[in-house]
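Reader: I would like to learn how terms get attached to a protein model. Can we go through one together?
Author: Let us look at it first.

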Amino acid sequence: MGSNNSGYYTLQAVLTHQGRSSSSGHYVGWVRHKDDQWIMFNDDHVSPVDQESILKLSGGGDWHCAYVLLYGPKVLELPLESEDKEGGGDQQQSSQQGTGATTGEKMSVD
């Protein structure tokens with residue numbers, strides 16, 4: 001897929017530690033399946049969870065504490081506009097001057 005030119009990232013997975021100390025406890029994996037659907041991997045128990053469960057992983061005490069966060073690139077797509085729209089071509093071109101972007105191209109951050 002290459003580099004992430006948008007500069008934006010999406011949380012893809014979380015590794016949590018459940019327990020009161022680093023010398024004891026249990027690790028659990030949480031992976032984004034698609035959009036807002038997540039899957040929890042707790043040893044041989046695999047189950048779907050909602051996004052609310054992921055937001056509660058700040059932890060502490062006996063609950064899960066987020067230990068490792070894995071991010072992936074977020075692809076931003078520019079909408080394609082019809083070039084033969086009445087009066088839209090000149091306005092669209094002038095609004096994009098200075099950005100280096102044209103219709104259908106992905107903008108990059110240098």
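**Turns, strands and buried residues**

Author: Start at the hairpin of strand 2 and strand 3. Two residues lie between the strands, and Asp35 takes a positive phi near 50 degrees. The model is predicted.

Reader: What makes strand 2 and strand 3 a pair?
Author: Pairing needs at least two bridges. Five bridges join strand 2 (residues 24-34) to strand 3 (residues 37-42). Therefore they pair under that cut-off. The two strands run antiparallel. As one example, Lys34 has Gln37 in strand 3 as its bridge partner.

Reader: How do you know that strand 3 pairs with strand 4?
Author: Apply the cut-off of at least two bridges again. Strand 3 and strand 4 (residues 45-49) are joined by five bridges, so they pair. They too run antiparallel. Phe41 stands opposite Val46 in strand 4. Strand 3 and strand 4 also form a hairpin, with two residues between them. In that turn, Asp43 has a positive phi of about 55 degrees.

Reader: Why is Leu57 called buried?
Author: Buried means under 20% relative accessible area. Leu57 has 3% relative accessibility, so it counts as buried. Leu57 lies in the loop between helix 1 (51-55) and strand 5 (64-73).

Reader: What is Leu57 in contact with, leaving aside neighbours within four places in sequence?
Author: Its contacts include Val14, Thr16, Trp30 and His64. Contact means heavy atoms within 4.5 Å.

Reader: Is His64 buried or exposed?
Author: His64 has 4% relative accessibility. The cut-off for buried is under 20%, so His64 counts as buried. His64 lies in strand 5.

Reader: What makes the link between the side chains of His64 and Thr16 a polar contact?
Author: The N or O atoms of a pair must be within 3.5 Å, one able to donate a hydrogen and the other to accept it. The side chains of His64 and Thr16 make such a contact at 3.0 Å. Another polar contact, of 3.5 Å, joins the side chains of His64 and Gln18.

Reader: How far apart are Leu57 and Gln18 in sequence and in space?
Author: They are 39 residues apart in sequence. In space they are 9.9 Å apart, C-alpha to C-alpha.

Reader: How much of the protein is buried?
Author: Buried residues make up 19% of the 110 residues.

Definitions and conventions. Residues are numbered from 1 along each chain as its sequence is written. This is a predicted model: local features need pLDDT of at least 70, side-chain atom pairs count only at pLDDT 80 or more; totals for chains, interfaces and linings use all residues. Side-chain values use heavy atoms; hydrogens and water are left out. Helices (H or I, at least four residues) and strands (E, at least two) are DSSP runs, numbered from the N terminus. Buried means under 20% relative accessible area, exposed over 50%, partly exposed in between (1.4 Å probe, protein chains only).
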